[in-house]
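Reader: I have a structure to look at and some questions about how its parts are put together. Please go through them in order.

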Amino acid sequence: MERLTEPLQMGLDAVCALLADYPLAGVWYTAFVRFLFPVLAVLILWRAVRSLLKIPHTPETWGLLSLPNGASIPLTHWENILGRGRSADVQLGYPSVSRQHAALCRGEDEQWTLYDLGSRGGTEINGQKVEGSAPVRLGDTVTLGGVPLVFLPQTVAEREALEQRRRSERPTVIWPSFLWLTVFQVLACLQLVVAAGEGVPVSVPLAFLGLTAVMWLYFAILRCTRCVGFEMETIAFFLSTLSLSVTASSAPGSLFKQFLATVLGLGLFLVLGLFLRDLSRVQRIRWLMAAAAIGLLGITLLIGNSKYGAVNWISIGGLSFQPSEIAKICYIFAGSATLERLFRRRNLTLFIVLTGICIGLLGLMSDFGTAAVFFVTFLVIAYLRSGDFATLALICGGAVFGAGIVVRFKPYILSRFASWGHAWESASTTGYQQTRTMSAAASGGLLGMGGGNGWLHRIAAADTDLVFGMLCEEWGLLIAVLAVGSIVTLAFFAARACRVGRSSFYTIAACAAGSLLVFQTCLNVFGAVDLLPLTGVTFPFVSNGGSAMMSAWGLLAFLKAMDTRENASFAIRRRPARQLTEAARRRAEAVGDPFAGEEEEPHEKN
């Protein structure tokens, strides 16, 4: 470590000496990079955002259902609802078929299972009535309400056409964004050194150098495994760079901890993404995750320390962390479910009980900002699991009643929101933080005052709850809006990708994670500028805090698992194209496909 820090320290001393001899050099440098940083931010995010929003996701066909009239309907998910209703994946317009008649699901072992969903007309496989569930093989006849359907494999021609379309959807080459991000990191580090002058610690260049090295090492390793599509990671690394910049300006002593938290978060992202490959393994550990969510919050309530009025911190030695941040990952993991479990009322009831316990513990901890985040995430998961607006409306009514009871017995909570919308009327008391944040944000303008040149960092929680104000003040409104837009892009990607999701688990988890990130960002941004009450939640990836940083990277793994583009996600097992074609040919021959042995014309190269 000394061999690395010694030349860095010498370089810092040389820069500081140069600035002392030529003081105008630092002024001119800041004036120049203030205009350059927004341009670099656009160059960094343009490819990633455009790729996530524009590249189509071709549905994957895993089999066919042949109708009595000879037509066939493709099965485009691992889990498919068969029924007459509009929400069914395979819509059958026969009056004897129930709205949600049955579910046809594919396992990791490529075996299919048929689940009867309490249909009135009954479900049969080859004339045998299905009680609960039964395995289905290629060539079997599935009868729903007297309507016979033949389960067939995808033909070789269809499979090869799908592979050709998938190859045409390869993600955008992202290394130019990494290159521009490296330039941004170098210039941001120099700007912070210029702003700090002689008192700059060696941890500033060391942290930025470390983040750049980790970023490129991650890219190189995954490219060696033939992975493509690093759009989400580009956004995360860009926001993490802003986090290091904010931390260096407000709390230089915590800079190394924030860098370490980023590295640990990236490790959690990889481990969780690889773990999500196996849905059967995911199902086995769901109850353990539910217990972990309750346990983390329970331990915090018992031995946690109070900070800013909420008991949400645990201190061990010289380290402090927020277990509630990790509990968010466990909660989404436990709340998501595969299709065959969605129609069991017992599972939804247990999820409601889990939510009630988690929110109750957060209420006892007086952490109502995180409780609101949990509740909104619950609404998203509950809707995706049930689709019942009436039940959700009843739950929301109960939540409002419960909030009224809490305010009745804990009136001091209401005083925290007394200045909401009236911050300027209480600028020296309850509205002190918001008024200073808005003043600092206004002084930054579109381009900012330059990293390290602001004054908002002197206000309590400036780099956590009020970090949007610091971004506006030091880095400008343009970069602050781009940071918010990056989070919204991730959620929008989840909403688009869920239409071709392989499993309802991936769909529910990704939509819940995206909704959580957006809602938490809204609470942070709008709370800082007095459009919402200041609830004390962090800006994902940007706020200073190790627990929050790790949580944001962990939530990103759920979004990454939804990416079904060719080799775009390490969370998806994929066999080589030739192996896929041979497997499709063998399945076709097993059921007597007349086209199985025909040679296909070679595809033209793109």
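Author: Before the sheets, a definition: two strands pair if DSSP finds at least two bridges between them. Helices (H or I, at least four residues) and strands (E, at least two) are DSSP runs, numbered from the N terminus. This is a predicted model, in which local features need pLDDT of at least 70, side-chain atom pairs count only at pLDDT 80 or more, and totals for chains, interfaces and linings use all residues. Residues are numbered from 1 along each chain as its sequence is written, and side-chain values use heavy atoms, with hydrogens and water left out.

Reader: In what order do the three strands of the open sheet with S13 stand?
Author: The pairing in this sheet is antiparallel. Strand S12 (305-307) and strand S14 (319-321) are at the edges with a single partner strand each, so one side of each has no neighbour in the sheet. The order is therefore S12-S13-S14.

Reader: Which residue in S13 stands opposite Lys307?
Author: S12 and strand S13 (residues 310-316) run antiparallel and are joined by three bridges. Opposite Lys307 stands Ala310.

Reader: At about what angle to S13 does helix H8 run?
Author: Helix H8 (residues 279-303) lies across S12 and S13. Axes are lines fitted to C-alpha atoms, for helices over the stretch in contact, and angles run from 0 to 180 degrees between N-to-C directions. The angle of H8 to S13 is about 90 degrees.

Reader: Which strands are the edges of the six-stranded open sheet?
Author: The six strands are ordered S2-S1-S11-S10-S7-S8, with antiparallel pairing. An edge strand here pairs on one side only, and the two that do so are strand S2 (72-75) and strand S8 (128-129).

Reader: Which residue in the turn of the S5 and S6 hairpin has a positive phi?
Author: Strand S5 (residues 102-106) and strand S6 (residues 112-116) run antiparallel, joined by five bridges. Five residues lie between them in the hairpin. The residue with a positive phi, of about 70 degrees, is Glu110.

Reader: Are H4 and H6 roughly parallel or roughly antiparallel?
Author: Angles under 35 degrees count as roughly parallel, over 145 as roughly antiparallel, 65 to 115 as roughly perpendicular and the rest as oblique. Helix H4 (residues 175-196) and H6 pack with axes 11 Å apart, at about 0 degrees. H4 and H6 are therefore roughly parallel.

Reader: How do H6 and H19 run relative to each other?
Author: The axes of helix H6 (residues 231-250) and H19 come within 11 Å and cross at roughly 170 degrees. That makes the two helices roughly antiparallel.

Reader: How many charged residues are in the contact of H6 with H19?
Author: Contact means heavy atoms within 4.5 Å. Ala, Val, Leu, Ile, Met, Phe, Trp, Tyr, Cys and Pro count as nonpolar, Asp, Glu, Lys and Arg as charged, and the others, Gly among them, as polar. Residues that meet include Glu233 in H6 and Lys560 in H19. Beside seven nonpolar and two polar residues, the number of charged ones is two.

Reader: Which helix gives the largest share of the lining of the largest cavity?
Author: A search of the whole structure finds one cavity of 30 Å³ or more. Its lining takes two or more residues from each of helix H9 (323-335), helix H18 (504-528) and helix H19 (546-560). The largest share, four residues, comes from H19.

Notes: On a 1 Å grid over the protein atoms alone, a cavity is a set of points where a 1.4 Å probe fits but cannot get out, and a pocket is an open set with protein on both sides within 12 Å along at least five of seven lines; lining residues have an atom within 4 Å of a point. Grid points are joined across faces, edges and corners, and a volume is the space filled by probe spheres set on the points.
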